[in-house]
Amino acid sequence: MSYYITTTIQGDFNQVIERVTEELKKEGFGVLTTIDMKATLKKKLDVDFHNYQILGACNPPNAYKALQAEDKIGLMLPCNVIVQEKQAGQIEVSAVDPVVSMMGVKNDGLEPVAIEVRDSLRKVIAALS
């Protein structure tokens with residue numbers, strides 16, 4: 001079982017990030033954090049890395065439901081979406097599968113929320129293709 005949902009599309013890296021952000025908004029997510037791994041790795045380790053950004057996406061109503069079911073679930077929030085460009089113009093967008101990531105929590109109350117979030121993230125990824 002894969003722990004992520006993914007697609008690869010053609011385009012400009014920064015424009016794809018904008019598209020991903022817009023598609024996330026359509027599904028009720030906001031981007032709380034953005035981590036530029038290329039810049040971070042260059043600054044901290046002086047290594048070159050391909051374009052790679054981590055978007056920390058949150059759907060507040062679902063986050064609230066999850067927190068009501070399991071108060072420590074914040075350790076797994078927000079839902080990460082990565083946008084990376086290993087080859088020029090080939091942009092891979094991947095989102096965590098919350099159903100898989102929550103399996104280790106062993107709380108049946110989380111399953112309906114995780115399924116709902118997974119369905120929304122699948123819609124985001126499908127809309128990009």
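A charged pair, helix packing and the sheet

Author: Glu22 and Lys25 form a salt bridge in which the closest N and O atoms are 3.5 Å apart, a salt bridge being a side-chain nitrogen of Lys or Arg within 4 Å of a carboxyl oxygen of Asp or Glu. By this rule the count comes to 6 salt bridges. The model is a predicted one, in which local features need pLDDT of at least 70 and side-chain atom pairs count only at pLDDT 80 or more, while totals for chains, interfaces and linings use all residues. Residues are numbered from 1 along each chain as its sequence is written, and side-chain values use heavy atoms, without hydrogens or water.

Both partners of the pair, Glu22 and Lys25, belong to helix α1, where they sit 3 residues apart, about one turn of the helix. Helices (H or I, at least four residues) and strands (E, at least two) are DSSP runs numbered from the N terminus.

Helix α1, residues 13–26, meets helix α5, residues 111–128: their axes come within 9 Å and cross at roughly 140°, with axes fitted to C-alpha atoms over the stretch in contact and angles running from 0 to 180 degrees between N-to-C directions. The two helices α1 and α5 are therefore oblique to each other, since angles under 35 degrees count as roughly parallel, over 145 as roughly antiparallel, 65 to 115 as roughly perpendicular and the rest as oblique. On the α1 side the contact (heavy atoms within 4.5 Å) is made by Arg19, Val20, Glu23 and Leu24, and on the α5 side by Leu121, Val124, Ala127 and Leu128. These contact residues of α1 and α5 divide into 6 nonpolar, no polar and 2 charged, where Ala, Val, Leu, Ile, Met, Phe, Trp, Tyr, Cys and Pro count as nonpolar, Asp, Glu, Lys and Arg as charged, and the others, Gly among them, as polar.

Helix α5 also packs with α3, and here too the axes come within 9 Å, crossing at roughly 160°. The helices α3 and α5 are therefore roughly antiparallel to each other, and their crossing is left-handed. The contact involves Asn62, Lys65 and Ala66 of α3 together with Val113, Glu116 and Val117 of α5. By class, the residues in this contact of α3 with α5 are 3 nonpolar, 1 polar and 2 charged.

The strands come next. An open sheet is formed by 5 strands in the order β1-β5-β4-β3-β2, with antiparallel pairing, two strands counting as paired if DSSP finds at least two bridges between them. Its edge strands are β1 (4–10) and β2 (30–36), each of which pairs on one side only. On average, neighbouring strands of this sheet are turned by 20° against each other, direction ignored.

Strand β5, residues 90–96, is in turn joined to β4 by 6 bridges, and the two run antiparallel. Along this pairing Ile82 stands opposite Ser94, Val83 has Val93 as its bridge partner, and Gln84 has Glu92. The hairpin of β4 and β5 has 2 residues between the strands, and within it Gly89 takes a positive phi near 80°. On to β3, residues 51–58, which pairs with β4, residues 79–87, in the antiparallel sense over 7 bridges, with Asn80 in β4 as the bridge partner of Gly56.

Pro78 is found in the loop between α3 (60–69) and β4, and a cis peptide bond, with omega about -5°, joins Leu77 to Pro78. Asp46, found in the loop between α2 (37–45) and β3, has a phi near 55°, a positive value in a residue other than glycine.

How values were computed. A crossing is left-handed if the near helix is turned anticlockwise from the far one by less than a right angle, and right-handed if clockwise.
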